[in-house]
Every structure is written in structure tokens, then in C-alpha cells.
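Trainee: I would like to learn how to read features from a model. Please take them one at a time.

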Amino acid sequence: MKRIEAIIRKTKFEEVKMALLDSEINWFEYHDVHGIGQSRQERIYRGVQYSTDVIERVALTIICRDMFVEPTVKVLLEVAHTGEVGDGRIFVSQVDTCYSIRTGEEGDVVLRDKK
């Protein structure tokens, strides 16, 4: 099993969500996050000065079987891409095991994939 964590632009979240659901990736967690990027500029918008060093993004966490990693990453790379600095990052890591709290089952059988 793998854990895929993606940090994407807020403006791309709805597109990414729909693309994941359309490709039958039917479980993921997401939340708003703030981070510090490489750009450290002061900008002025309508007479108000603000800093661009704090970046608002959406973080997605997807736990899936190994065979679904490549298609999931492909969807994220295609749909979240704008070509601009700040498109985000994808991290893939190993998950040793998981448990169903309701049934007590252990292992990837807990991930009831449709495919």
C-alpha cells in the first residue's frame, strides 16, 4: 500500500477532485494548508501592500494499493498542472498496514477499491 500526498493550488482543487472521482479513486482526504514558498515579494493590490511569502494550498492524502499509484499520480500531474511556479508537489510513501476500526480487518483488504 502507498500513501500519496499532494499539495496543489486551491484554484485547481475542484478539477482535481472531479478527475480523481472520474477515475474511480473514491477515497481521499483533503484540507487547506498554508506554507512558505521560495518567492518573497511585496505586492500592492488596490493600495494595500501584502506579502507573497505565505501560500494557500490544498493538501490531499490518498491511501491506495500499489497498482493504483501510477494512475493516481498521472491524474494529479495532468489536472493540477498550470505550468507556473507553485503548481505543487506529490509525495509517495510506503504504508505498512491499515486496520478497519468497524470490522477489525487488517491489510489492503480494508481498501475496498472498485477496480
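Trainee: How many bridges pair strand 2 with strand 5, and in which sense?

Mentor: Two strands pair if DSSP finds at least two bridges between them. In this predicted model, strand 2 (residues 29-36) and strand 5 pair over 8 bridges in the antiparallel sense. Within strand 5, V54 stands opposite I36. Strands (E, at least two residues) and helices (H or I, at least four) are DSSP runs, numbered from the N terminus.

Trainee: Which sense holds for strand 1 and strand 5?

Mentor: Strand 1 and strand 5 run antiparallel, joined by 8 bridges. R3 has I63 of strand 5 as its bridge partner.

Trainee: Is strand 5 enclosed or open?

Mentor: Buried means under 20% relative accessible area, exposed over 50%, and partly exposed in between (1.4 Å probe, protein chains only). Strand 5 (residues 54-64) has 8 of its 11 residues buried, so it is largely enclosed by the rest of the structure.

Trainee: Where is E5, and what does it touch?

Mentor: E5 lies in strand 1 and, at 29% relative accessibility, counts as partly exposed. Contact means heavy atoms within 4.5 Å. Not counting residues up to four places away in sequence, E5 touches L60, T61, R89, I90 and F91.

Trainee: Is K12 buried or exposed?

Mentor: K12 counts as buried, at 13% relative accessibility. K12 sits in the loop between strand 1 (2-9) and helix 1. Leaving aside neighbours within four places in sequence, K12 is in contact with V79, A80, H81 and T82.

Trainee: How should I read two helices?

Mentor: Two packed helices are described by the angle between their axes and the distance between the axes. Axes are lines fitted to C-alpha atoms, for helices over the stretch in contact, with angles from 0 to 180 degrees between N-to-C directions. Here the axes of helix 1 (residues 13-22) and helix 2 (residues 69-79) come within 10 Å and cross at roughly 150 degrees. That makes the two helices roughly antiparallel (over 145 degrees).

Trainee: Which residues make the contact?

Mentor: Helix 1 contributes E15, V16, A19 and L20, and helix 2 contributes T72, V75, L76 and V79.

Trainee: What should I know about the numbering and the model?

Mentor: Residues are numbered from 1 along each chain as its sequence is written. Local features need pLDDT of at least 70, side-chain atom pairs count only at pLDDT 80 or more, and totals for chains, interfaces and linings use all residues, while side-chain values use heavy atoms, leaving out hydrogens and water.

Conventions
Parallel < 35°, antiparallel > 145°, perpendicular 65-115°, else oblique.
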